[in-house]
Amino acid sequence: MPKFVELWVYLSATPLFGLTATLVVYVLAQAVYARLGQPPWANPVLWTVVCLAGALLATGVPYPTYFAGAQFIHFLLGPAVVALAWPLWLRREELRRRWGRLLLAALAGGIAASGSALLMGWALGLPSEVTLSLAPKSVTAPVAMGIAEKIGGIPALAAVFAVITGLVGALCGKYLFDALRIPRDGPGWAARGFALGTVSHGLGAARALQVNADAGAYAGLALGLQVVLASALIPLAFRWL
């Protein structure tokens, strides 16, 4: 036990702590997720966040100390998102035929996601800064932060809302699609993936990729479309209001 304490004290004071803790906890969560048959409620990202947050609170390790090592994984977010283009390239002929319908679906989905969040914020009487931070909740966190800053929201809060939205979509998407009786054939998987990527950005796309290749490809496409549309249209809409 003293040896373990010494090791913990050493690691918690170095950048190795954040990197090691994140990798170990995620690998264990992924193993449990696979062992259970990949149920949505066992999403490894969710349980990694819960376990790491609990460990930091219990041990009193400051978040900047943790992130000093975890930033190496954070850097890989960009390449990971770019890698989502490969499944789209494999389906390029199919996308050329459907580009008009896909663009309209992305626009309608983005308006519904952002508009419903704003209406909920106003209905609940939330402060204007909090309500504005909800507007880009269905866009990937780094982009959501930039949009929130432009329209008068709080970037850090927008990132939290985006992560929560992604987790909720990854956890609940399967049950909602089954309730709506969306089929599990080619077009059905495409619809499920596109809807999940539209609403739940990267976390939804990651879940879709784990379930079905077509769903993952369309989720990645929806994620990219939302980034472009939201970045251009949300600040423009608030400038007109």
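# Exercises on an all-helix predicted model

The largest nonpolar core contains 11 residues: Leu 88, Leu 95, Leu 102, Ala 106, Ala 190, Phe 194, Ala 217, Tyr 218, Leu 221, Ala 222 and Leu 229. The model is predicted, local features require pLDDT of at least 70, side-chain atom pairs count only at pLDDT 80 or more, and totals for chains, interfaces and linings use all residues. Residues are numbered from 1 along each chain as its sequence is written, and side-chain values use heavy atoms, with hydrogens and water left out.

## Exercise 1. The core

Solution. 
1. A nonpolar core is a set of buried Ala, Val, Leu, Ile, Met, Phe, Trp, Tyr and Cys residues joined through side-chain atoms within 4.5 Å. Buried means under 20% relative accessible area, exposed means over 50%, and partly exposed lies in between (1.4 Å probe, protein chains only).
2. The largest core has 11 residues, including Leu 102 and Phe 194. At least two residues of this core come from each of H7, H11 and helix H12 (213-240).
3. Leu 102 illustrates the packing: apart from neighbours within four places in sequence, Leu 102 is in contact (heavy atoms within 4.5 Å) with Leu 95, Phe 194, Tyr 218, Leu 221 and Leu 225.
4. As background, nonpolar side chains tend to be buried together in soluble globular proteins.

## Exercise 2. The overall fold

Task: state how many helices and strands the protein chain has, and compare its radius of gyration with the globule rule.

Solution. 
1. Helices (H or I, at least four residues) and strands (E, at least two) are DSSP runs, numbered from the N terminus. The protein chain has 12 helices and 0 strands.
2. The radius of gyration, taken over C-alpha atoms, is set against a globule rule of 2.2 Å times the number of residues to the power 0.38. The chain has a value of 19 Å, close to the 18 Å that the rule gives for 241 residues, so it is as compact as a globular protein of that length.
3. The C-alpha trace spans about 65 × 40 × 30 Å along its principal axes.
4. Of the 241 residues, 40% are buried. Among contacts with a separation of 6 or more, 63% are between residues 24 or more positions apart.

## Exercise 3. Salt bridges

Task: identify which residues are linked with Asp 178 in a network of salt bridges.

Solution. 
1. A salt bridge is a side-chain nitrogen of Lys or Arg within 4 Å of a carboxyl oxygen of Asp or Glu. The whole structure holds 4 of them.
2. Lys 174 pairs with Asp 178, the closest N and O atoms being 3.2 Å apart. Both residues lie in helix H10, 4 residues apart, about one turn of the helix.
3. Arg 192 also forms a salt bridge with Asp 178, at 2.8 Å from N to O. This pair links distant parts of the chain, with Arg 192 in helix H11 and Asp 178 in helix H10, 14 residues apart.
4. Lys 174, Asp 178, Arg 184 and Arg 192 are therefore linked in a network of salt bridges.
5. The relative accessible area is 5% for Arg 192, which is buried, whereas Asp 178 is partly exposed at 29% and Lys 174 is partly exposed at 32%.
6. Elsewhere, Glu 93 and Arg 96 form a salt bridge with closest N and O atoms 2.5 Å apart. These two residues are 3 residues apart in helix H7 and are thus separated by about one helical turn.

## Exercise 4. Backbone and surface

Task: decide whether Arg 181 is buried or exposed, and list which residues make the nonpolar surface patch of about 610 Å².

Solution. 
1. Most residues other than glycine have a negative phi. Arg 181 has a positive phi, near 60 degrees.
2. Arg 181 sits in the loop between helix H10 (155-179) and helix H11 (186-211). With a relative accessible area of 76%, Arg 181 is exposed.
3. Gln 38, likewise not a glycine, has a positive phi of about 60 degrees. Gln 38 is in the loop between helix H2 (16-35) and H3, and is partly exposed at 29% relative accessibility.
4. Patches are made of residues with over 30% relative accessible area and no salt bridge; like charges are joined within 9 Å, and nonpolar side chains (Val, Leu, Ile, Met, Phe, Trp, Tyr) within 5 Å. Accessible areas come from the Shrake-Rupley method with a 1.4 Å probe, and for residues only the protein chains shown count as cover.
5. The patch is made by Val 32, Leu 36, Trp 41, Trp 47, Val 50 and Tyr 175. Trp 47 lies in helix H3 (residues 44-59) and is partly exposed, with a relative accessible area of 39%.
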